[in-house]
Amino acid sequence: YCHTSHGGNYVKCQLCPKGCIISEGHRGDCRVRENRGGKLYTMVYGNPCALHIDPIEKKPFYHFLPTSLAFSLATAGCNLHCLYCQNHTISQHPPEETENVDLPPERVVELALAKGCPVIAYTYSEPVIFCEYMLATARLGRAQGVKSAVVSNGYINPQPLRELCQAVDAIKIDLKGFNEEFYKKVCFATLEPVVEAMKIIQEEGVHLEIVNLVVPTLNDDEGELREMA
């Protein structure tokens with residue numbers, strides 16, 4: 001999914017704007033997508049390393065199913081490397097270094113229903129990097145009346161994002177800051193694709209909420225905050 005073959009056994013990942021060109025036996029920047037024989041494989045499908053039932057407000061969503069409980073899950077890995085990451089013990093490690101459980105999409109939906117959770121939340125690390133797992137789970141959940149909410153950094157290419165928008169019900173984007181220098185130095189990414197992603201989510205009609213975590217001295221310039229708003 002989301003790859004094209006190049007000369008030899010190199011592949012270029014097309015899932016996120018980093019566009020990693022990956023050699024045989026190696027993985028992309030997210031640590032979870034591996035080139036095996038000229039094909040790109042996800043190493044975290046059905047293998048979450050974090051499971052919990054949270055209030056939806058903890059995600060945070062404030063205007064989507066308020067007061068409900070969210071069956072929350074994450075796998076190892078992330079395509080950003082924010083220097084202040086709270087969940088770095090899972091986001092900045094490959095799946096070999098986290099404690100994982102075998103939980104295929106159908107089992108996730110079963111557990112959400114059994115625990116009385118009307119929504120599954122893809123959260124904690126970065127759902128973009130386990131996109132296939134998220135898509136399969138969201139589609140199965142929708143068929144059984146369970147909604148899906150995505151907590152993301154928004155660093156994803158337009159085509160996979162539009163496909164995701166057809167399967168999920170709400171997306172919360174972490175808008176980390178509002179200048180390219182901050183994204184480059186602190187998050188090891190770029191701002192423009194995130195802005196474009198938010199526009200696409202709006203176009204697709206998916207419930208969108210935006211959060212900006214203020215980090216004093218790094219992204220708290222009043223002028224930039226006003227420009228963001």
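In the predicted model, the second largest cavity holds about 50 Å³ of space. Its lining is made up of Val128, Val150, Ser152, Gly154, Ile156, Leu161, Leu164, Ile171, Ile173 and Ile201. Two or more of these residues come from each of the elements β9 (147-152), α4 (158-165) and β10 (170-174). By class, eight residues of this lining are nonpolar and two are polar, and none is charged.

A search of the whole structure gave two cavities of 30 Å³ or more. The largest cavity contains about 90 Å³ of space. Around the largest cavity lie Cys13, Leu15, Cys16, Gly19, Cys20, Ile22, Gly28, Asp29, Cys30, Arg33, Asn79 and Ile129. Seven residues of this lining are nonpolar, three are polar and two are charged. Among the residues lining the largest cavity are the cysteines Cys13, Cys16, Cys20 and Cys30, whereas the lining of the second largest cavity includes the isoleucines Ile156, Ile171, Ile173 and Ile201.

Helix α3 covers residues 131-143. Residues of α3 that are buried are Cys131, Glu132, Tyr133, Met134, Leu135, Thr137, Ala138 and Gly141. In an α-helix there are 3.6 residues a turn, so residues three or four places apart point the same way. The buried set of α3 includes Met134, Thr137, Ala138 and Gly141. After α3 comes Gly145, which has a positive phi, near 85°.

Terms used:
Residues are numbered from 1 along each chain as its sequence is written. This is a predicted model: local features need pLDDT of at least 70, side-chain atom pairs count only at pLDDT 80 or more; totals for chains, interfaces and linings use all residues. Side-chain values use heavy atoms; hydrogens and water are left out. On a 1 Å grid over the protein atoms alone, a cavity is a set of points where a 1.4 Å probe fits but cannot get out, and a pocket is an open set with protein on both sides within 12 Å along at least five of seven lines; lining residues have an atom within 4 Å of a point. Grid points are joined across faces, edges and corners, and a volume is the space filled by probe spheres set on the points. Ala, Val, Leu, Ile, Met, Phe, Trp, Tyr, Cys and Pro count as nonpolar, Asp, Glu, Lys and Arg as charged, and the others, Gly among them, as polar. Helices (H or I, at least four residues) and strands (E, at least two) are DSSP runs, numbered from the N terminus. The expected span of a helix is 1.5 Å times one less than its number of residues. Buried means under 20% relative accessible area, exposed over 50%, partly exposed in between (1.4 Å probe, protein chains only).
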